[in-house]
Amino acid sequence: MTCPSTEELAAVYDGNLKGRQALKIRDHVAACPRCAHELHVLHQSLQSVPKAPTPPGDLAAWALRPRQKSWIAPQVNLFSPHRRPTK
Amino acid sequence: MWHAPTSCRAFYLRYNGLMPPQKSPKGFKDRPIGLIRRVIAGEQAAWEEFVNTYCGFLYSLAWRYARRDVDLASELVLVALEGLRKPDTGGREFYRLRKYLDSLERFGARSRFVTWLALVTRNLFRDWFRDREGRRIIPKEIEGLDLVDRKIFRLVFWEGLSESEAFGTLAGQKEPLAFGDFQSRLERIYTKLSEKNLLTIYQDLLRRLPSLTLGSPPVPGGLCPVQVADPRPEARPDRALERSEDRAIAKEVRRVFLEAILALPRVTRQVLLLHAVRQLSGEEVRIIMGFHKRQRVYDELAKARRRLGSFLKKEGVDEEKARRSIGWLDGLLDKNGS
Ligand SMILES: [Zn+2]
C-alpha cells in the first residue's frame, strides 16, 4: 500500500478513521517509517501551539493586503539573463 | 532495515490501537465546513474570516520552524496561506481545501480541521525550506576554498550581511582577520564565482539593498571607507524596514528593481555591482573593467541610475517609495556627478 493521503493521516491522528480502511491504514503507519515520522512531527507541532507567542497585531491585515499586480515583475529566469522574455 | 527512534516508535504504537477522538483547541470548530465552502466559492468576506480565525494558529505552527524569528514566522504564515490558496491544474483556487472537504464528504476520513491544517502546513513549510536550501547549494568553485573563505562567502551571500558587516563579524572573533586579508579573500571569492552565480548575488543584493546605506558611500578615487557595523541582525536597517508597515511595498520595489538590474547592459551592470555592492573605488572599478578613463565608470553609473529610474517609473512604482528603498543608490550617484 502506498502512503495514505494527508487527509487520511490527519484522521488517523484524530482517531476518526472508521472501518476496514482504518485498519489498513493503521497497519501501514505501524510499518512505514515515513508515515510514523509524519505523525510524530504532527504531534510535536500541535503540542507546541499553546506555547507559541501571539502573532504581531497586523499580521492578518498584512496577509489580506491586496497584491498590486502592476508591481509584480514578469517571471525572470535568473540564470539566463540574456534571454529575458520581451514584454 | 529502518529503525524508528524510540520516541517515534512509541508514538506510532499508540496509534496502532483505537484512539479516542481528539478535541480541537478552544475557539476552533472541529469541522468549519460552512466557512470552507464559502471560501472555496470565492467569497472575499469568508476568506477574510478564515485568515482572521486561523492566522494565530498558523503563526504558532510557524513559530517552531522559525526558531523565534518573528519576521520569518510571519513570512511562513504567508507561505501557508498562499499554499492554501493555490489552484489545481485546472486553475480552480484552494485545491487543498477542496481535498479536505472531499475527504469529509466522500471518503469518511473525518479529521479535525486543525489537525489537517497542521499537517498540510508542515508540508508547505518543509517544501519552502527545501526550496530555499536548494538555492543555497555551495557553488563548486567555493567548495575548493579554505574555511575562512567559505565563511566569508556564507556571511555575505547567504546571511546577506554587507561586506563591512561581514568584516565586523570576523574582526570580532578570537583570531581576528586583518582588513587587507579580508579584502583579498573577498576578491578571490568574486573571481571564482561564475556569471551564473553572480546573478544569484544580484538577487541577494536586492534583499539587502537598504543595508547598503550603512556608513558613507565610497569616495571616488580614494580607498573606500569601511565602517564596522553592528553585526547583530536586528541592527540591520533592512530588518527595520521589513518590520515597518512598508515591508510589503519594499518587497515589491525590490522585485521590480531586480528586473531593472537584469535589464541593464552587461557592462553597466558589472560597474554597478563593483562600485555599489563591492564598494570599490572608481579607480579600482576602472582597472577591473579595463576602461581607459575613470570617467567611463561614472558615466556607466549615471546610465544605471537613469535606466533604473525610468524602469521604476514605467512599472508604476511611486517615486517617493522607490527613493526610500533605493536611497543609497541616489546618494551614491549624486556624489559622483552624472
Ligand atoms: Zn507510509
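A residue is called buried when its relative accessible area is under 20%. In this predicted model, B:Val156 has a relative accessible area of 0% and is therefore buried. B:Val156 belongs to helix H8 of chain B, which covers residues 147-158. The C-alpha atoms of B:Val156 and B:Phe167 are separated by 9.4 Å in space and by 11 residues in sequence.

B:Ala62 lies in helix H3, made up of residues 44-66 of chain B. With neighbours within four places in sequence set aside, the contacts of B:Ala62 are B:Ala73, B:Leu76, B:Val77 and B:Phe125. B:Ser74 is 12 residues from B:Ala62 in sequence, and the C-alpha atoms of the two are 7.7 Å apart.

Chain B as a whole contains 17 helices and zero strands. Of its 338 residues, 50% are buried. Among contacts in chain B that link residues at least 6 apart in sequence, 64% are between residues at least 24 apart. Chain B has an accessible surface of about 16700 Å², and carbon and sulfur atoms account for 52% of this area.

In chain A, helix H2 comprises the 13 residues 19-31. At 1.5 Å a residue the helix should span 18 Å, and this agrees with the 19 Å between its end C-alpha atoms. The buried residues of H2(A) are A:Ala22, A:Ile25, A:Arg26, A:His28 and A:Val29. Viewed down the helix axis, the buried residues of H2(A) fall within an arc of 160°, and they therefore line one face of the helix. The face turned away from this buried side carries the exposed residues A:Arg20, A:Leu23, A:Lys24, A:Asp27 and A:Ala31.

The confidence of the prediction was also examined. The mean pLDDT of chain B is 70, and 61% of the residues score at least 70. Within chain B, confidence is highest in helix H2 (residues 33-40), at a mean of 96, and lowest in helix H12 (residues 237-243), at 43. The pLDDT is below 50 over residues 1-21 of chain B, a stretch with 30 contacts in the model beyond near neighbours in sequence. Residues 203-245 of chain B also have a pLDDT below 50, and this stretch has 94 contacts in the model beyond near neighbours in sequence. Where pLDDT is low, predicted coordinates should not be read in detail. For the complex, the predictor gives an ipTM of 0.78 and a pTM of 0.51.

Notes: Residues numbered from 1 in each chain as written. Chains lettered and ligands numbered in written order. Predicted model: local features only at pLDDT ≥ 70, side-chain atom pairs only at ≥ 80, totals over all residues. Heavy atoms only, no water. Helix = DSSP H or I, 4+ residues; strand = E, 2+ residues; numbered from the N terminus. Buried < 20%, exposed > 50% of the residue type's maximum accessible area, 1.4 Å probe, protein only. Contact = heavy atoms within 4.5 Å. Expected span 1.5 Å × (residues − 1). Arc of directions from axis to C-beta. Areas by Shrake-Rupley, 256 points an atom, 1.4 Å probe, with all protein chains shown as cover. pLDDT = per-residue confidence, 0-100.
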